[in-house]
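Please keep the sequence and the structure in view while reading.

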Amino acid sequence: MPHIQCLPTHVADLIAAGEVVERPASVAKELLENAIDAGATAVVVELERGGLTYLRITDNGCGIAPEQLPTAFLRHATSKLRTAEDLAAIGTLGFRGEALAAISAVSRVDIFSRQKGAQAGAMLHLEGGVPDEVTEAGCPEGTTICVRDLFYNTPARMKFMKKDSAEGAAVGGIVQHLALSHPDISFKMIRDGAEVLHTPGDGKLLSAVYAAMGRDFAMSLLPVRGCGGEVEVQGFVTKPLNGHGTRGRQVFFVNGRFVKSQLLQAALEEAYRNRLLKGKFPGCVVHITLPADQVDVNVHPAKTVVKFVSDKAVFDAFYYTVRDALDGENKPEPVAPKQESFYQSMTVQQYKEKTAPAPEVKKPLGSYVSRPAVPASPAIPVKPTAAAVHDVAEKGKTFTAAVPSRDGREVIYHITPPQVQEKPAVQTVMELPVEPVVAVEPVQQKLEEKEAPWRMVGEVLRTYIICEDEGGNMWLIDKHAAHERIRFDALKADAHPVMAQTLLAPLTVTLAAEESAVVLENLEILRRLGFACEDFGDGTILVREIPADIRTGDAASTLEELAQKLIVGRIDPEGVRDELYHTMACKSAIKAGMVSDEKELAALVEKVQSGEIQYCPHGRPVAVKLTKYEIEKMFKRA
Ligand code: ADP
Ligand code: MG
């Protein structure tokens, strides 16, 4: 057991001073860091009223000897730092020897502690920093510190406290960061009697991310691992398609410590340059490790600022590691990993070796309804061969064949019997999630086909429709932009009110604090856009209904985007309606790169040819026309 002693004054003075006890979250941070320093493998945080009336932290660490209990609460009493030289290489988290003193000065504290292997434990009560006698107590190995009535004797400080919910959320943030920086420790947080977080402590970062940041986020990640010189980088970043509306999901650790760093943020975002949609930000949970003398964590005790000796070395190591991982991701999409392997943090290379490129799914000829994949579902890619379709078709009149596709969806083929046509034709393709999650069938806005003075030539890059009109002009039409415009106009004209679909299993969407607040302020507006939301506490929104024409998989990001627009709308209420409609139109429109049905494409061409639509809601052209003369000029015929 390390011995606790007072720091020499000159060492104490060397340490940047700062007020430790600002709010319940700062108490939780100090106590949790002590528990981690004590070698705990399991920690429980319990709080009531945001931690103001009651905050209890229990650990199974090394414990404190009974006679050392009062010493631990003296100012500058620490077992972790002896000399000024030690400052240069701080390995433990707490190092100022003043946390317990400062916390006990503004609250009522009970501490119970039993050292590993000791016969009995001891307890001590302190009131406003004044200790009672140490008494023997029966308690488990480890330490429990209970802090009651924080700031009871400092009413001025009390006035600065936010609502209990905000203070509780701030404690939650601290627990989340510590859980992510210590995947080998199990963290449990119980707030007003309800368990709100519980990480397994199995040593795997992804397990901690899953438990602390939610399933959706964990499923959207790509592992990164690399190094540059002495700087090591390891963790997870979001796939480019899963960009977020804010930087709220960028979490960086340097030598195990949660930090805010513009340098790391810039390196991350630079690596995503030209890969993310405009206005989207990558998320990440990344650990940067470098020699202790290459980084200064002693800038401010309560803040999360770091200084690197070499900014360039850190930037480069991080930037290139992320870029390489993203480059790897651009190769043909691999088959989704089986659920068992999901918790294994693999490098991109290992991941790719384990998976093979998936074959294409046959282009459908009928209309389709698209529903989201269940991402964790193991998928076996099977190309529906004519023979296979024929097989199923011969067994009766109208048949249904379920074929798992490469992204984990199940593709349902309705088949016409062979006696009607020579070859069985695939009429309708529906993509259904493997587990049914919706109660009401979502229906994508269908577009009607008409006779027309133009000819559709085809589609290229699964994005652009080529057609020719009677005047001999050639058209290139961006199918997403065109459909988006049509949906936008319909929403604005209230022609197609948004239909909501009830989810069998409600979604929980964790948003940044400001985003969840604005969602809760605008429940009625969101309901009109098809989202039925409720407060689930801690910045989490429970979504019971989503618009019928967006994929369940897009619901969370759509809500996040709407929240962002509502935040902007607070300042600029003019135009926010259009912005909201634009998000809805974009999310419900057919997407570039997706397989589209020919009738739908034809309906888009019709709208463009009739001159009804020209620009997408943000002003990009929907179609480009090349006249016969322009084409001839290109070929030097004219
Ligand atoms: P510091 O952490 O900077 O040393 P603190 O005031 O936070 O200062 O704690 C004082 C001392 O009390 C620590 O150095 C440590 O020896 C002991 N201590 C505090 N919390 C615990 C705990 N949960 N388990 C074991 N020892 C602890
Ligand atoms: Mg400490």
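**Salt bridges, a sheet and a surface patch**

Asp 554 and Lys 591 join their side chains in a salt bridge, with 3.4 Å from N to O; a salt bridge is a side-chain nitrogen of Lys or Arg within 4 Å of a carboxyl oxygen of Asp or Glu. This pair links distant parts of the chain, 37 residues apart: Asp 554 belongs to helix H17 (residues 552-571), while Lys 591 is in the loop between helix H18 (576-588) and helix H19 (598-609). The model is predicted, so local features need pLDDT of at least 70 and side-chain atom pairs count only at pLDDT 80 or more, whereas totals for chains, interfaces and linings use all residues. Residues are numbered from 1 along each chain as its sequence is written, chains are lettered from A and ligands numbered from 1 in the order in which they are written, and side-chain values use heavy atoms, with hydrogens and water left out.

**Salt bridges**

- Side chains of opposite charge can pair when their charged atoms come close.
- The whole structure contains 27 salt bridges.
- Asp 554 is buried, at 16% relative accessible area, whereas Lys 591 is partly exposed at 24%. Buried means under 20% relative accessible area, exposed over 50%, and partly exposed in between (1.4 Å probe, protein chains only).
- Glu 561 and Lys 587 form a salt bridge through their side chains, at 3.6 Å from N to O. Here too distant parts of the chain are linked, with Glu 561 in helix H17 and Lys 587 in helix H18, 26 residues apart.
- Glu 561 is buried, with a relative accessible area of 18%, and Lys 587 is buried, with 13%.
- One network, joined by salt bridges that share partners, holds Lys 280, Glu 561, Lys 565, Glu 579 and Lys 587.
- Arg 275 and Asp 327 meet in a salt bridge of 2.8 Å, N to O. They lie 52 residues apart: Arg 275 is in the loop between helix H9 (262-271) and E16, and Asp 327 is in helix H10 (residues 311-329).
- Arg 275 is partly exposed, at 23% relative accessibility, and Asp 327 is partly exposed, at 30%.

**The five-stranded sheet**

- An open sheet of mixed pairing is built from five strands in the order E12-E13-E16-E14-E15. Strands (E, at least two residues) and helices (H or I, at least four) are DSSP runs, numbered from the N terminus, and two strands pair if DSSP finds at least two bridges between them.
- Strand E12 (221-228) and strand E15 (257-259) stand at the edges with a single partner strand each, so one side of each has no neighbour in the sheet.
- E12 and strand E13 (residues 231-238) run antiparallel and are joined by eight bridges. Cys 227 has Glu 232, in E13, as its bridge partner.
- Helix H7 (residues 205-213) packs on the sheet and touches E12, E13, E14 and E16; contact means heavy atoms within 4.5 Å.

**A nonpolar surface patch**

- Val 460, Leu 461, Tyr 464, Leu 476 and Val 624 make a nonpolar surface patch of about 430 Å². Patches are made of residues with over 30% relative accessible area and no salt bridge: like charges are joined within 9 Å, nonpolar side chains (Val, Leu, Ile, Met, Phe, Trp, Tyr) within 5 Å.
- Val 460 lies in strand E23 (residues 454-460) and is partly exposed, with a relative accessible area of 34%.

Note on methods. Areas by Shrake-Rupley, 256 points an atom, 1.4 Å probe, with all protein chains shown as cover. Axes fitted to C-alpha atoms, helices over the stretch in contact; angles between N-to-C directions.
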